[in-house]
Amino acid sequence: MQEHGSIIKIVNIFPKSFIPGDYLPDAITMTWLLMAVVLPFAYFFGKNLKKFPTKFQYVLEALTSFIVYTLEDAMGSYGRKFFPLIGGLAVFILLGNLMGLIPGLAQPTANLNTTLALAIISFLVYNYEGIKKHGFVKYIKHFAGPVPWMAPIMFPIEVVSHLSRILSLSFRLFGNMFGDEMVVLVALMLVPFLVPVAGEFIVFANSFLQTFIFCILTVVYIATAIEEHEEQHS
């Protein structure tokens with residue numbers, strides 16, 4: 001176990017090899033722990049859905065409906081195919097953020113490697129969908145803009161703009177969750193009583209906000225990439 005401020009974190013418990021002292025980063029350990037809890041729970045909960053939902057099932061159904069309505073509002077009925085992606089991102093990011101509130105655990109989303117991986121997934125998916133719907137040449141040609149003589153200027157700007165989305169998605173989530181963790185840590189050191197409670201509330205609220213921002217931006221990027229496809233079929 002490793003102590004981080006006044007919060008004892010269960011880290012470095014899984015060795016990546018049999019070499020003494022050679023351990024996995026805590027972000028990977030926390031990600032595995034999250035998957036080990038969520039995947040069996042989702043499987044057994046899905047097998048035991050009630051015709052008359054309990055309060056917990058009703059809340060999950062409401063969240064599911066919210067994601068479906070958001071996708072349909074952005075992309076019509078075509079957006080339903082992205083529910084597994086957006087739902088998976090929402091569950092992982094939200095629960096990953098909230099793990100920091102549990103004594104002994106750490107936020108995998110407070111690690112840049114984790115948020116960068118999530119941002120790259122979003123980047124690859126929306127570009128793949130754009131190429132799939134328009135064809136590679138037409139999709140790339142779209143980067144040059146509507147005015148031919150401005151293409152040499154617009155194309156590199158658009159390429160940089162799309163690449164910067166990886167940085168904006170990853171650094172926004174990482175910065176917010178890492179910053180929240182540091183605020184709580186400093187508050188615990190300066191004022192051990194009551195004040196950290198306010199910090200924990202900020203982490204709780206920001207966990208939902210950052211999950212929403214990451215997912216809605218991914219939806220917007222996908223919708224923008226396939227926009228012409230939807231217009232052609234409307």
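A nonpolar core is a set of buried Ala, Val, Leu, Ile, Met, Phe, Trp, Tyr and Cys residues joined through side-chain atoms within 4.5 Å. A residue is called buried when its relative accessible area is under 20%, exposed when that area is over 50%, and partly exposed in between, as judged with a 1.4 Å probe on the protein chains only. The structure examined here is a predicted model, in which local features need pLDDT of at least 70 and side-chain atom pairs count only at pLDDT 80 or more, while totals for chains, interfaces and linings use all residues. Residues are numbered from 1 along each chain as its sequence is written, and side-chain values use heavy atoms, with hydrogens and water left out.

The protein contains eight helices and two strands. From the N terminus on, the order of the elements is β-β-α-α-α-α-α-α-α-α. Of the 234 residues of the protein, 34% count as buried. The largest nonpolar core has 34 residues, among which M75 and F82 touch the most other members. At least two residues of this core come from each of α1, α2, α3, α4, α6 and α7. The greatest contribution is that of α7, which gives seven residues to this core.

The UniProt record, an unreviewed entry, places the feature "transmembrane region" at residues 27-46, 82-104, 110-128, 173-195 and 201-224. UniProt positions are given in the numbering used here, feature names are shortened, and annotations may be inferred rather than shown by experiment. In the model, the span of residues 27-46 is 100% helix and 0% strand, and its end C-alpha atoms lie 28 Å apart. Residues 201-224 are likewise 100% helix and 0% strand, with 35 Å between the end C-alpha atoms.

Helix α3 has 16 residues and reaches 22 Å from its first C-alpha to its last, close to the 22 Å expected at 1.5 Å a residue. The expected span of a helix is 1.5 Å times one less than its number of residues. The buried residues of α3 are I86, G87, L89, A90, F92, I93, L94, G96, N97 and L98.

Pockets were located on a 1 Å grid over the protein atoms alone: a pocket is an open set of points where a 1.4 Å probe fits, with protein on both sides within 12 Å along at least five of seven lines, and its lining residues have an atom within 4 Å of a point. Grid points are joined across faces, edges and corners, and a volume is the space filled by probe spheres set on the points. The largest pocket holds about 1,200 Å³ of space. Its lining comprises 36 residues, of which L60, L63, G87, A90 and V91 lie nearest the centre. Two or more lining residues are given by each of α1 (26-47), α2 (55-75), α3 (83-98) and α7 (195-225). By class, this lining divides into 28 nonpolar, seven polar and one charged residue. In this scheme Ala, Val, Leu, Ile, Met, Phe, Trp, Tyr, Cys and Pro count as nonpolar, Asp, Glu, Lys and Arg as charged, and the others, Gly among them, as polar.

The second largest pocket holds about 250 Å³ of space. It is lined by 16 residues, and Y139, H142, F143, T224 and A225 are the closest to its centre. Elements that each supply at least two of the lining residues are α4 (112-134), α5 (136-141), α6 (151-190), α7 and α8 (227-233). With four residues, α6 gives the most to this lining. The lining has six nonpolar, five polar and five charged residues.

F143 lies in the loop between α5 and α6. This residue is buried, with a relative accessible area of 8%. F143 and F155 are twelve residues apart in sequence, and their C-alpha atoms are 5.2 Å apart in space. In helix α6, F178 is partly exposed, with a relative accessible area of 35%. The C-alpha atoms of F178 and Q107, 71 residues apart along the chain, are separated by 8.4 Å.
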